[in-house]
Amino acid sequence: MSDTALTKYSMHIDGEWVGAADGRTFDSDNPFTGRPWSTIPRAGAEDVDRAVMAAHRAFTSGQWPAMTATARGALLRRLGDLLSDHADHLASIEVRDNGKLIAEMAGQCRYLPEWYHYFGGLADKIEGAVIPIDKPGNFTFTRHEPLGVVAAIIPWNSPLLLTAWKLAPALAAGNTVVIKPSEFTSASLLEFMKVFEQAGFPRGVVNVVTGFGAEAGEALVTHPKVAKVAFTGSDRTGAAIYSSAARDIKRVSLELGGKSPNIVFADANIENAVRGAISGIFAATGQTCIAGSRLLVQRGIHDEFVDRLVAMAKTARMGDPMDHETQVGPVTNPPQFEKVLGYLDVGREDGAEVVLGGSRASRPECGDGWFVEPTIFTGVRNDMRIAQEEVFGPVLSVIPFDDEEEAVAIGNDVVFGLAAGVWTENMRTALSMSERLRAGTVWVNTYRAVSFMAPFGGYKRSGIGRESGKEAIMEYLQTKCVWISTASEVPNPFVMR
Ligand code: NAI
Ligand code: MG
């Protein structure tokens, strides 16, 4: 298919497919060709207001607030089934717009329905409590109620998955939602809405506005009718959203990336650890919040481990992300491409040694795409910028350590705390490390595993709140306590009881 005929997309507001009120659009690029392939509406404040007011109407009137939790759950499960039917199509759109590998996206899109099934099942299992209240003559109980309009701000690295992590619990809890995808990858969410439409939700329950962060994004998070912002993205934007939410006392949940240590002890199964280190940093071209971007290797095996790592990383096939054989795809967008290349210079200038890659990939199979060679730096000190800052690309920093104490100290010596990996055959080391690492997820002898039923989120600067698992739904609920007096007489009003 030629990329010259641009596919034209509309947004989805109040159950209708619309353009921006002022008719503006922007192009979205295909990272493999480096050329635009679609046009997307560029929403401004007026469009965002229409979407939020539609969501607000859907929250306060009509079918949605009258629906039982069981009925909401059934809609979510139907949505999950429909997504299964369209998994391959959604995957191919994401490959085109984002440059993600078809091999990864096919699996991700087939797994996606699980979030809608799980939270659909959870919808009618949220129960309040009867409090055995200390004041006689009272019946006191709690109810968990939805918040209102939820704004979901989505980054470009895994749009459909990171939307599911927010949308499924938000809807299960009875909220309504306005989603703003990243300006780099809006198409998959607009295709998702074509599927969503068939599930039978009342109009306005879910709306998608497309556009830029400083326009549509800011208008959305500052809208007075938005009760909560659920955000995944950079810590800088997360901090800006957090402080703007503070002005209106809005709830937030934030998932803000990391600089996760992947720690290999000398007693590890080396073959497995090499695979884990590679998938930790080169899967998804390193563009994941959980990237194991700091590889800590115990000194005794350091040189041998690096040799084996380089040997395996060298075999990575780069090229067309639509090809099932491709193992490392392009970087998703030009600013990110420049950022990653910039860090290659930073690493060298700070004195780290490049043992693999270190440049833009100019292999013929990479064409005009935004490819960076899988890169491994050794001789990295943990205070170097490439060890402290999130690169979000296929760039690994290898740091030696002597013993568990030092591994813990280096591992925790970053502002982030999203995830950590530990490779050891020693059970005591595994348990001790999993306790001492300050991260929301610790993987032992595995890396990158996530599940709809496993809580996920950050310690420290990696964020606030948890996604997936039972507790995620509480991020979208608030607790009301109801007191009903059973006394026949209201007592003396001047005495506090
Ligand atoms: P970003 O955090 O600026 O963008 C994420 C989303 O927030 C996008 O939808 C964007 O339009 C929106 N946004 C931006 N400014 C906003 C504002 N003022 N108000 C409301 N919404 C706003 O991330 P960006 O620029 O796409 O990537 C920059 C860096 O962020 C990457 O290099 C990477 O280090 C990190 N990142 C982390 C991710 C994670 O999963 N934690 C995902 C994507 C990027
Ligand atoms: Mg794109």
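This is a predicted model: local features need pLDDT of at least 70, side-chain atom pairs count only at pLDDT 80 or more; totals for chains, interfaces and linings use all residues.
**View 1. Asn-30 at the end of strand β4.** Strand β4 covers residues 25-30, and Asn-30 belongs to it. Is Asn-30 buried or exposed? Its relative accessibility is 8%, so Asn-30 counts as buried, the cut-off for that label being under 20%. Follow the side chain of Asn-30 and you will find one of its polar atoms 2.9 Å from the backbone nitrogen of Phe-32.

**View 2. Helix α13 and its surroundings.** Helix α13 runs through residues 334-349, 16 residues in total. From first C-alpha to last it reaches 23 Å, close to the 22 Å expected at 1.5 Å a residue. At the start of the helix, look for Asn-333: a side-chain oxygen of this residue comes to within 3.0 Å of the backbone nitrogen of Gln-336. Gln-336 is also one of the buried residues of α13, and others among them are Phe-337, Leu-341 and Tyr-343. Which elements do the buried residues of α13 pack against? They meet β16 (375-378), α14 (385-388) and β17 (395-401). Just after the helix, Gly-351 has a positive phi of about 100°.

**View 3. Ligand 1 and the residues around it.** Ligand 1 has 26 residues around it, and those that come nearest are Trp-156, Glu-183, Ser-234, Gln-336 and Lys-339. On the Glu-183 side chain, an N or O atom lies 2.6 Å from an oxygen atom of the ligand. Lys-339 places a polar side-chain atom 2.6 Å from an oxygen atom of ligand 1. For Gly-233, a backbone N or O atom is 3.2 Å from a nitrogen atom of ligand 1. Taken alone, ligand 1 exposes 810 Å², and the protein buries 87% of that.

Definitions and conventions:
Residues are numbered from 1 along each chain as its sequence is written. Chains are lettered from A and ligands numbered from 1 in the order in which they are written. Side-chain values use heavy atoms; hydrogens and water are left out. Helices (H or I, at least four residues) and strands (E, at least two) are DSSP runs, numbered from the N terminus. Buried means under 20% relative accessible area, exposed over 50%, partly exposed in between (1.4 Å probe, protein chains only). A polar contact is a pair of N or O atoms within 3.5 Å; within protein, one must be able to donate a hydrogen and the other to accept it, and residues adjacent in sequence count only if both atoms are side-chain atoms. The expected span of a helix is 1.5 Å times one less than its number of residues. Contact means heavy atoms within 4.5 Å. A residue is near a molecule or strand if one of its heavy atoms lies within 4 Å of it. Accessible areas come from the Shrake-Rupley method with a 1.4 Å probe; for residues, only the protein chains shown count as cover.
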